[in-house]
Amino acid sequence: MMQYLKTYLFFKFLYYYIGMSVAFCIMFGIYFGREAAVSIFLDKNTVIMLLFLAAFATFFDFIKKWKSGR
């Protein structure tokens, strides 16, 4: 059971991180242009922000799953 939970949380975190990264690149690519979006995306602070947001979303997804009784 614990191994399933770890695997579930890892892939859910990966899902949120990739999804937020793609959305971030598209949003900034439209607004600033492709080159600026890539340079902003590769900035260390942006990566840390996206990791934090993905962890936050994973945590709340876990809470929602735990409260539903699954």
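Visitor: What makes up the accessible surface of the chain?
Guide: In this predicted model, the accessible surface is about 5,600 Å², and 73% of that belongs to carbon and sulfur atoms.

Visitor: Which residues form a nonpolar patch on the surface?
Guide: Phe10, Phe11, Leu14, Ile18, Val22, Ile26 and Ile30 do, with about 700 Å² of accessible area together.

Visitor: Why is leucine 14 called partly exposed?
Guide: Its relative accessibility is 31%. Buried needs under 20% and exposed needs over 50%, so a value in between is partly exposed. Leucine 14 sits in helix α1, residues 2-32.

Visitor: How do you know that the span of α1 agrees with its number of residues?
Guide: At 1.5 Å a residue, its 31 residues should span 45 Å, and the end C-alpha atoms are 44 Å apart, so the two agree. After α1 comes glycine 33, with a positive phi near 105°.

Visitor: Which residues of α1 are buried, and what covers them?
Guide: The buried ones are Tyr17, Ser21, Phe24 and Phe28. Their cover includes α2 (34-41) and α3 (44-67). In an α-helix there are 3.6 residues a turn, so residues three or four places apart point the same way.

Visitor: What pattern does the chain follow?
Guide: It reads α-α-α along the sequence, with three helices and zero strands.

Visitor: How does the radius of gyration of the chain stand against that of a compact globule?
Guide: A compact globule of 70 residues would come out near 11 Å, but this chain has 15 Å. The C-alpha atoms fill a box of roughly 45 × 20 × 15 Å along the principal axes, and buried residues make up 19% of the 70.

Note on methods:
Residues are numbered from 1 along each chain as its sequence is written. This is a predicted model: local features need pLDDT of at least 70, side-chain atom pairs count only at pLDDT 80 or more; totals for chains, interfaces and linings use all residues. Side-chain values use heavy atoms; hydrogens and water are left out. Patches are made of residues with over 30% relative accessible area and no salt bridge: like charges are joined within 9 Å, nonpolar side chains (Val, Leu, Ile, Met, Phe, Trp, Tyr) within 5 Å. Accessible areas come from the Shrake-Rupley method with a 1.4 Å probe; for residues, only the protein chains shown count as cover. A salt bridge is a side-chain nitrogen of Lys or Arg within 4 Å of a carboxyl oxygen of Asp or Glu. Helices (H or I, at least four residues) and strands (E, at least two) are DSSP runs, numbered from the N terminus. Buried means under 20% relative accessible area, exposed over 50%, partly exposed in between (1.4 Å probe, protein chains only). The expected span of a helix is 1.5 Å times one less than its number of residues. Contact means heavy atoms within 4.5 Å. The radius of gyration is taken over C-alpha atoms; the globule rule is 2.2 Å times the number of residues to the power 0.38.
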